[in-house]
Amino acid sequence: MDTKNFVPNYDDLLPKSTDGLKWKRILAIGDVHGHYKKLMSLYEKLNVTDDDFVIFLGDYIDRGPEVGEVLQWIMKIKDKKNFVFLRGNHEDMMLSYLYGEDEWWKYSYGQVTIPSLKKWFDKEPNVYEDFVHFITHLPLYHELEIGGREYIFCHAGIEENTPIDAQSEDYLLWSRHEFFDSYDGDAVVIVGHTPLQTLQEHFGLEKFIPFRVPKKNILMIDTGSFIDKIHYGFFEEGLISAVDILTGEFWQN
């Protein structure tokens, strides 16, 4: 039997009650960044059923070599009622390019993503419009109340004392230290965006697993899916992580 893994110091983030909740698990999944094989391996470990509620925190594209495969898979399951796909800052950059507002992405991250998407669209040209519509309408956050406690899922972070529907798009998609160093709200906020490898010294991290920010209601689950020994030899190999918000159990691949 596999040993279960739990986020350290997660007890304070647990819902007070799950009475009446229709889901057995609420799974948050961190940044994928074009790593289809890692995603499929993780998904197999999760053994997702219709009794689970699954929330992806954004950044499906860029950096990794299998962006097309990742998005094809997402497009096949996007209409399942127990799945939510949030927008990440990388999807936002791509949208700016697609709508002719910013060319920078094309010459940076797009050099990896565009060829992978072109390969897909050459095989299935009719999917392009549906794809653009899907990416355009990805929500910026998802809010749940569980046992009287508020849980907010977003890509990067939220501004304290600002209602969730009044949050700035830039903050939800791009914030880093200004969020996790200063946020002191009651709502539990679950984010990706910032690879924990880049915060090794900041938080004194010894291993890169989903991380509860000390004394704060913040769970960070971006464990650097795109990081490899060849290009980032000074970091441990990156993984995609998933956490069950109801228990703190986590999985990685």
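This is a predicted model: local features need pLDDT of at least 70, side-chain atom pairs count only at pLDDT 80 or more; totals for chains, interfaces and linings use all residues.

Reader: OK. At what angle do the axes of α1 and α2 cross?

Author: Roughly 40°, and the axes of α1 (residues 36–46) and α2 (residues 67–77) come within 8 Å. The two helices are therefore oblique to each other.

Reader: Which residues of α1 and α2 meet?

Author: From α1 you have Y36, L39, M40 and Y43, and from α2 E69, V70 and W73; contact here means heavy atoms within 4.5 Å. Sorted by class, that contact of α1 with α2 has six nonpolar residues, no polar ones and one charged. For the classes, Ala, Val, Leu, Ile, Met, Phe, Trp, Tyr, Cys and Pro are nonpolar, Asp, Glu, Lys and Arg are charged, and the others, Gly among them, are polar.

Reader: How far apart are the axes of α2 and α5?

Author: 7 Å, with a packing angle of about 55°, so α2 and α5 are oblique to each other. In α2, V67, G68, E69, L71, Q72 and M75 meet T113, S116, L117 and W120 of α5. That one has five nonpolar, four polar and one charged residues.

Reader: And α2 with α6, what angle there?

Author: About 80°, with the axes 11 Å apart, so those two are roughly perpendicular. L71, I74 and M75 of α2 make the contact with D130, F131 and F134 of α6. By class it's five nonpolar, no polar and one charged.

Reader: Back to α5. What should its 14 residues span?

Author: At 1.5 Å a residue, α5 (residues 110–123) should span 20 Å, and its end C-alpha atoms are 20 Å apart, which agrees. The expected span is 1.5 Å times one less than the number of residues.

Reader: Which residues of α5 are buried?

Author: G110, T113, S116, L117, W120 and F121. They cover an arc of only 145° around the axis, which puts them on the same side of α5. Buried means under 20% relative accessible area, exposed over 50%, and partly exposed in between, with a 1.4 Å probe and protein chains only. The arc is that of the directions from the helix axis to the C-beta atoms.

Reader: What do those buried residues of α5 pack against?

Author: α2, α3 (89–98), α4 (104–107) and α6 (128–136). Exposed residues Q111, K118, K119, D122 and K123 sit on the face turned away from the buried side.

Reader: How many of the 10 residues of α3 are buried?

Author: Eight, so α3 is largely enclosed by the rest of the structure. Among them are H90, E91 and D92. The cover over the buried residues of α3 includes α4, α5, α6 and α7 (169–174).

Reader: Switching to loops. Is H193 buried or exposed?

Author: Buried, at 4% relative accessibility. H193 lies in the loop between β7 (188–191) and α9 (200–203) and has a positive phi of about 75° although it isn't a glycine. Most residues other than glycine have a negative phi.

Reader: And N9, what's its phi near?

Author: Near 60°, another positive value in a residue other than glycine. N9 is in the loop between β1 (5–6) and β2 (25–29) and counts as exposed at 62% relative accessibility.

Reader: Last one: what does Q167 touch?

Author: I158, E159, T162 and L172, not counting residues up to four places away in sequence. Q167 is in the loop between β6 (149–154) and α7, and it's buried at 10% relative accessible area.

Technical notes: Residues are numbered from 1 along each chain as its sequence is written. Side-chain values use heavy atoms; hydrogens and water are left out. Axes are lines fitted to C-alpha atoms, for helices over the stretch in contact, and angles run from 0 to 180 degrees between N-to-C directions. Helices (H or I, at least four residues) and strands (E, at least two) are DSSP runs, numbered from the N terminus. Angles under 35 degrees count as roughly parallel, over 145 as roughly antiparallel, 65 to 115 as roughly perpendicular and the rest as oblique.
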